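Dear colleague,

Please find the structure below. My notes on it follow.

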Amino acid sequence: IEIYSLHVDCKVTSRFAHTVITSRIINRANESREATFEVELPKTAFITNFSMSIDGELYPGIIKEKAAAQNEYDTAVSQGQSAGLVKITDRKLEQFHVSVSIAAASKVTFELTYEELLKRQLGKYELLLKVRPKQLVKHFQIDVHIFEPQGIQFLETDSTFMTNELTEALTKVLNETKAHISFKPTLDQQKKNSMLGETLLNGDFVVRYDVKREATAGDIQIVNGYFVHYFAPQEMPVFPKNVIFVIDRSGSMTGRKIEQTRDALLKILQDLRPEDHFSFITFNNKVAEWKSSLLPATEENVASAAALVQTLSARGGTDISGALLTAVGMLDKAEGLLERSISMIILLTDGQPTSGERNVEVIQENVQKAINGKYALFCLGFGFDVSYKFLEKMALSNGGIARRIYENADAALQLQGFYQEVATPILMQIEMQYPENSIEGLTKNNFKVFFEGSEIIVSGKISNELDLLPVEIKAQSHTSNLTLKEEANVKEKEQVFQNQRYIFGNFIERLWAYLSIQQLLEKAISAQEEDQKALEAQALDLSLQYSFVTPLTSMVVTKPQQKEELANKPTEAG
């Protein structure tokens, strides 16, 4: 079985990435063989299309509601089910895998399309392409086209498998608003050594970039009556933080995990700003406070905390509830905190609640009641013994986010990286306002906190014939209350994309659908049951209308001889 051509074609238009992977395979054996198509794609992406063409006959994947697809599938395969086509493989990736039997001398072409909105983190966007053909490929090519009307501030490529020879196969062409990156290694350049047929191409190919920004109320782009508004202010004073680290030191954290936690906390302590206040709570079946209140992050206090961190050891049960309620209590009675400051609790745990209150619903309810919207709760789940669903619901119900920390060599870096994302809050209570009577389907437009290096994105449909789209942003900075105003000329904005040849026409509409689905699903996690059903129904409608494989839909892949397989979107919560 020979892959004679593999092409990755990626078009990024204003952060929205549309990737098509085409693999052409021929069976050079004189009997039928399995041809396999295996692609790793970012977890944040939605598959939108898949097809295989065997000797000129097309077998398209059809996207249906998950339950309906599952019923059909079960009926078709009542005598034992074959594995799903998509599974999570890594902290950033999931794998799509399909194989089909092809006759001697036959050819098959596989084509997979997926889309995602690139998320700005720590001041850059990252486009991740996984390259793993597992054999030498005669025609191998990656093409990345980027068009950013705001202008490209910087652009870099990075790869885990580059050699000097392979670097010669990489070209970058960059002007004010556009970039084209091409990677086209010859067979010789792909070889590990000239004798063997092993390939060097195995790992990540990454493009990172950022866009230019004027110091205004963000940037508005409009195509076919849909708008997207990007807002990422820079160089503003940072809010002081009041942060309590709630650290699990139960028996299961023993060994590598507690060591990595210690390493990460020592680095994080160094990153605290002098105006921040902080404290530590550690817990197993008992809850221990480092100090009875929050302390300013002076050199002495940081050194004293570092000494405590050095001694962290792991044994005993897991009283998550007791630890979180102690943290909330400490913030409630804190004195001497700055008036304009942001309070947050960062929980790190690797297990289920085994001591104190064990019922996760009761814990969620009690914690939400206690926090009552005053503080943000971030939940970090270490490894796979945690109930990620529980942590995610608790974080989202309390203005924070959840993250899984993978038990790899870089776990300490994952922890630090998370802290860096939330380390510099520069705006609070951000309201993005648009004319109510002329915008439909507006995505989330109120945000509690904006962290430097990230980006706020709002999208919607301009419903009537507007010539000017006025926007107003209200927010609190550390020093003042801000109001920013901007007017977008609809016709002029539409013009920007008219003559760009590599743009797929309705990309802002698809971006709007992608963002709406992501937000509806996130909202559903922490919603009450009836609301949850309504939110999921809305997300399902959009998933079907725009043909996205989301956690609510499945793609039915039909193979020759009417064999069916299902591609489902896996989630972190399983």
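At what angle do the axes of helix H4 and helix H5 cross? The axes of H4 (residues 256-271) and H5 (residues 299-310) come within 10 Å and cross at roughly 175°. Helices here are DSSP runs of H or I with at least four residues, and strands are runs of E with at least two, numbered from the N terminus. Axes are lines fitted to C-alpha atoms, for helices over the stretch in contact, and angles run from 0 to 180 degrees between N-to-C directions. H4 and H5 are therefore roughly antiparallel (an angle over 145 degrees). Their contact (heavy atoms within 4.5 Å) involves Arg-262, Leu-265, Leu-266, Leu-269 and Gln-270 of H4, together with Val-302, Ala-305, Ala-306, Val-309 and Gln-310 of H5.

The model is predicted: local features need pLDDT of at least 70 and side-chain atom pairs count only at pLDDT 80 or more, while totals for chains, interfaces and linings use all residues. Residues are numbered from 1 along each chain as its sequence is written, and side-chain values use heavy atoms, leaving out hydrogens and water.

Gln-190 belongs to helix H3 (residues 187-190). A polar atom of its side chain lies 2.8 Å from the backbone oxygen of Val-137, and one lies 3.2 Å from the backbone oxygen of Pro-185.

Finally, an unreviewed UniProt entry annotates residues 518-545 as "coiled-coil region". This span is 89% helix and 0% strand, and its end C-alpha atoms lie 15 Å apart.

Yours sincerely

Methods: Angles under 35 degrees count as roughly parallel, over 145 as roughly antiparallel, 65 to 115 as roughly perpendicular and the rest as oblique. A polar contact is a pair of N or O atoms within 3.5 Å; within protein, one must be able to donate a hydrogen and the other to accept it, and residues adjacent in sequence count only if both atoms are side-chain atoms. UniProt positions are given in the numbering used here, feature names are shortened, and annotations may be inferred rather than shown by experiment.
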